[in-house]
Amino acid sequence: MPEPAAVTALAAWAETQLTRLIDEVYAAVCERIELYRDEKVVPRADLHRSIAVNLRYLVDALAGTPSPGRGAPQETGSRRAHQGAPLPEVLQVYRIACAMLWDLLVRHARTAAPEGTTEALVDVASLLWQITDNHAIQVTEAYRAASAELLAARQRRRSALAGALLSGERMGDAGPWEAGRLLGLSLDGVLVVVAGETRGPAEESLAGIEGRLARLGVVSAWQLTPSVQAGVVSLREEQYDAMLALVREVALARTGVSPVYRSLTDTPRALHLARTALAGITPGRREVRAFSASPLAAFVARDPDEGRRLANEVFGPVLDLLAEERGVLLETLREYFAAGGASEQVAQVMHCHANTIRNRLRRIRELTGRSPADPRDLAELVTALQALELSSARRH
């Protein structure tokens, strides 16, 4: 059996070779690993220092002596994570260093070491691989912990920026365009806001939506509040249908989608419309509803209280009727507007005679004092009907 002194002697000899070994490992790393050939990710001085500290750690561990670089694995793992160096390349540096240290010890044992040193290599090998394995574990754990912290910080920042866009709040001197740039939102396409009701307090109902959209080439940024998960989505117009289909696939609760808009300054308004669409869905249903693209619908939704007042003022006598008659008259008026004022077409849709449609329109004119044939009256009827539908949607 080799004496412990032989192992210690090998480690002591390796320490005398450290300066040369550090330079050789540094040169090999720069030659073999593309990441380290320039200083875009890891500065050369940083790499050289790291190799020196970690090789010192390995040699001291072989000698059984305390090392001033005991925290080297954790420091290196965390530092490389913050620099954005991939973990496989980080660990490859340690494999190269360990292999070159081992080769150095083998050459010395075969050519210049005292007799019996070769047997000590068996113990050195076992100890070296144990130290290296533990070293790699510490590097990996520190790297992953730092990466998790960075990801959480990035998500918090994106959430804060998204929240500023959705609320219209300024961030110091940065306006919505700067927030959009930081979030990676394109200024060349269109935007929509998606608002999903949370399934529980601050529990996502659109889990994984940002990543799923990214795989479609769609950039988005999200904020989670106790009641709503809302996101600003940047896309090209031809991506809209695919985006909406994905939201419908992912959504686990009531979800509203705003009309398309182009200016980031309109994001708070778009959120309001998305939430209005959400409110129009029966509570408890898993459904996605897009708000009408009609400018009139958006105008009415901007002031719900005024919309209800307008609906009551225009349709008051109609709303006082029994539910069945009220429903028939309002549905007739709705179809009349949709058909562009063609009574015959409305009759086909509602499966009745055209004269029946005309009689219903006459009844509406008598009750409201407004005629669809008069432009001013028509504007009030259309707006009031839109307000009535939005108000009804919110109640349900």
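Reader: Which residues in helix 3 meet which residues in helix 4?

Author: This is a predicted model, to be clear from the outset. In it, Asp46, Leu47, Arg49, Ser50, Val53, Asn54 and Tyr57 are the helix 3 side of the contact. Across from them, helix 4 brings Ala72, Pro73, Glu75, Thr76, Arg79, Arg80 and Gln83. By residue class, that contact divides into five nonpolar, four polar and five charged.

Reader: And why is helix 3 called roughly antiparallel to helix 4?

Author: Look at the angle: the axes of helix 3 (residues 44–63) and helix 4 (residues 72–83) cross at roughly 155° and come within 10 Å. Angles over 145 degrees count as roughly antiparallel, so helix 3 is roughly antiparallel to helix 4. As for the hand, helix 3 passes helix 4 in a left-handed crossing.

Reader: What makes helix 13 oblique to helix 14?

Author: Again, it's the angle. Helix 13 (residues 323–338) and helix 14 (residues 343–350) have axes that cross at roughly 125° and come within 9 Å. Roughly perpendicular covers 65 to 115 degrees and roughly antiparallel starts over 145, so a value between those two falls under oblique. That's why helix 13 is oblique to helix 14. The crossing of these two helices is right-handed.

Reader: Which residues make up that contact between helix 13 and helix 14?

Author: From helix 13 you have Val328, Glu331, Thr332, Glu335 and Tyr336, and from helix 14 Ser343, Val346, Val349 and Met350. They split into five nonpolar, two polar and two charged.

Reader: How do you know whether Ile357 is buried or exposed?

Author: Buried means under 20% relative accessible area, and Ile357 has 0%, so Ile357 counts as buried. Ile357 lies in helix 15 (residues 354–368). Setting aside neighbours within four places in sequence, Ile357 is in contact with Thr332, Ser343, Val346, Ala347, Met350 and Cys352. Ile357 and Leu329 are 28 residues apart in sequence, with their C-alpha atoms 9.2 Å apart in space.

Reader: What makes His351 stand out in its phi?

Author: Most residues other than glycine have a negative phi. Phi of His351, though, is near 55°, a positive value. You'll find His351 in the loop between helix 14 and helix 15.

Reader: Why is His351 called exposed?

Author: The cut-off for exposed is over 50% relative accessible area. His351 has 74%, so the label is exposed.

Reader: Then why does Glu380 get the label partly exposed?

Author: Partly exposed is the range between the buried cut-off of 20% and the exposed cut-off of 50%. Glu380 has 29% relative accessibility, so partly exposed is the label. Glu380 sits in helix 16 (residues 375–395) and touches Val314 and Arg370, not counting residues up to four places away in sequence. Glu380 and Arg370 are ten residues apart along the chain, with 8.3 Å between their C-alpha atoms.

Reader: What about the whole chain: how many helices and strands are there?

Author: There are 16 helices and five strands. Of the 396 residues, 45% are buried. The chain exposes about 20400 Å², with 52% of that supplied by carbon and sulfur atoms. Among contacts between residues at least 6 apart in sequence, 70% join residues at least 24 apart.

How values were computed:
Residues are numbered from 1 along each chain as its sequence is written. This is a predicted model: local features need pLDDT of at least 70, side-chain atom pairs count only at pLDDT 80 or more; totals for chains, interfaces and linings use all residues. Side-chain values use heavy atoms; hydrogens and water are left out. Axes are lines fitted to C-alpha atoms, for helices over the stretch in contact, and angles run from 0 to 180 degrees between N-to-C directions. Helices (H or I, at least four residues) and strands (E, at least two) are DSSP runs, numbered from the N terminus. Angles under 35 degrees count as roughly parallel, over 145 as roughly antiparallel, 65 to 115 as roughly perpendicular and the rest as oblique. A crossing is left-handed if the near helix is turned anticlockwise from the far one by less than a right angle, and right-handed if clockwise. Contact means heavy atoms within 4.5 Å. Ala, Val, Leu, Ile, Met, Phe, Trp, Tyr, Cys and Pro count as nonpolar, Asp, Glu, Lys and Arg as charged, and the others, Gly among them, as polar. Buried means under 20% relative accessible area, exposed over 50%, partly exposed in between (1.4 Å probe, protein chains only). Accessible areas come from the Shrake-Rupley method with a 1.4 Å probe; for residues, only the protein chains shown count as cover.
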